[in-house]
Amino acid sequence: MDLKPIFGFIFLLIVVFLLAMYWFVPFNSGYFSITSSPSNFSLDNNSDMQFYSNMRFPESRISYRIEDCTLQKKEDIQRAFEFMEEKTILDFYSVPTNEEIYVTCSSKNVRNENFLVAGEGGPTKSIVAGKFVVIFEGQILLIKDSKCPEPLIAIHELLHVLGFNHSENRKNIMYPIISSTCNQELSSDMIDLINELYSIPSHSDLILKDISASLNRRYLDIEATIWNYGFKDAPSSILKIYGNGKEIKSIEVSSMEIGEGRSISLSNIFVSQLNLEELELEVEANFPELDKENNRVILEIKK
Ligand SMILES: [Zn+2]
């Protein structure tokens, strides 16, 4: 018996069935649009007072090291640290190496000429992390002796390191010239700003941005970026993608430094759901963050 026609017929049936599946089963193709946009920490713009808005060190406890200073100047700078500790929630501590604030009284030790534009103190290493500028290092060059009961020059330079710009108000400690009448003060709005900035916990903050997704029948392409907009390096996390509430794919995101961004591009992800309407991206992080809401974005297919 010749089986060829039978096999040929079965083959034809399979082809017809697949074609029918292809044409009549409702797949959808198209682009997704974002329905829930990631939020982020909201803070008022304070660029008037600081070089950039929202400048701060990663933590309210800030380390320092003093080198090549006379006893008088060393005492001045230590009293400046104590003064700031009394007025604000900041804490300063001395370290033998790897300091955040380097204080010197000899101009030959100045490592970075750029910071001198702001006088004799300022941040020397910082990075933009979303709405914040995170200061990693600062430097103070203390040349002049203080003749006031409070070490106004040292406090003025320390405030530059904390990101504060000059003030036009003659009574303000950030006025460019420290007056011999010793009447300049640390204003309450500066104290408030420092306390507001440093009461934000020193957490990392992973945020999903620039998301786009497109579906071509059963295959999904996704582009996204993940940023760490917090005050701490973020350990590894997992990016999970859900389709109509069911997990489609998950990938590991390795640890990210403060201010670091990573772009993620996934293509040809097979989707088993027949009618993919809603797509959700979520960065699962099992560590504290400034904001967990911005780890998640929901997208809906455009009709
Ligand atoms: Zn100055």
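The legends below describe close-up views of a predicted model.

Residues are numbered from 1 along each chain as its sequence is written, and side-chain values use heavy atoms, with hydrogens and water left out. Because the model is predicted, local features need pLDDT of at least 70 and side-chain atom pairs count only at pLDDT 80 or more, whereas totals for chains, interfaces and linings use all residues.

View A. Helices (H or I, at least four residues) and strands (E, at least two) are DSSP runs, numbered from the N terminus; two strands pair if DSSP finds at least two bridges between them. Strand β7 spans residues 132-141, and eight of its 10 residues are buried, so the strand is largely enclosed by the rest of the structure. Here buried means under 20% relative accessible area, exposed over 50%, and partly exposed in between (1.4 Å probe, protein chains only). Strand β2 (residues 55-56) runs parallel to β7 and is joined to it by two bridges, with arginine 56 opposite valine 134. Strand β5 (residues 101-104) also pairs with β7 in the parallel sense, over four bridges; isoleucine 101 has glycine 138 as its bridge partner.

**View B. The β6-β7 hairpin.** Strand β6 (residues 121-129) runs antiparallel to β7, and eight bridges join the two. Within this pairing, glycine 122 stands opposite glutamine 139. Two residues lie between the strands of the hairpin, and glycine 130 in the turn has a positive phi of about 65 degrees.

**View C. The zinc site.** The zinc ion is coordinated at 2.1 Å by the NE2 atoms of His156, His160 and His166. Donors are N, O and S atoms within 2.8 Å of the metal (3.2 Å for Na, K and Ca); water is not among the atoms, so sites may look incomplete. Along the chain, the donors follow the spacing H-x3-H-x5-H. Histidine 156 belongs to helix α3 (residues 152-161) and histidine 166 to the loop between α3 and α4 (188-198), so the pair ties together parts that are 10 residues apart in sequence. Histidine 156 is buried at a relative accessible area of 3%, whereas histidine 166 is partly exposed at 32%.

**View D. Aromatic rings around phenylalanine 81.** The whole structure contains five aromatic pairs. One of them, formed by tyrosine 64 and phenylalanine 81, is stacked, with 4.1 Å centre to centre and 25 degrees between the planes. Tyrosine 64 lies in strand β3 (residues 61-67) and phenylalanine 81 in helix α2 (residues 71-87), so this pair ties together parts that are 17 residues apart in sequence. Rings of Phe, Tyr and Trp (its six-membered ring) pair if their centres lie within 6.5 Å; planes under 30 degrees apart count as stacked, over 60 as edge-to-face and the rest as tilted. Both partners are buried, tyrosine 64 with a relative accessible area of 9% and phenylalanine 81 with 2%. Ring pairs link Tyr64, Phe81 and Phe92 into a cluster. The C-alpha atoms of phenylalanine 81 and phenylalanine 92 are separated by 6.3 Å, at a spacing of 11 residues along the chain.

**View E. Salt bridges.** Eight salt bridges are present in the structure, each defined as a side-chain nitrogen of Lys or Arg within 4 Å of a carboxyl oxygen of Asp or Glu. Aspartate 76 and arginine 79 form one with an N to O distance of 3.8 Å; both lie in helix α2, three residues apart, about one turn of the helix. Aspartate 76 is buried, with a relative accessible area of 4%, while arginine 79 is partly exposed at 29%. Lysine 240 and glutamate 247 also meet at 3.8 Å, N to O; lysine 240 counts as buried at 16% relative accessibility, and glutamate 247 is partly exposed at 43%. In the bridge between glutamate 289 and lysine 292, the N to O distance is 2.9 Å. Glutamate 289 counts as buried at 8% relative accessibility, and lysine 292 is partly exposed at 40%. A network of salt bridges links Arg65, Glu67 and Glu99.
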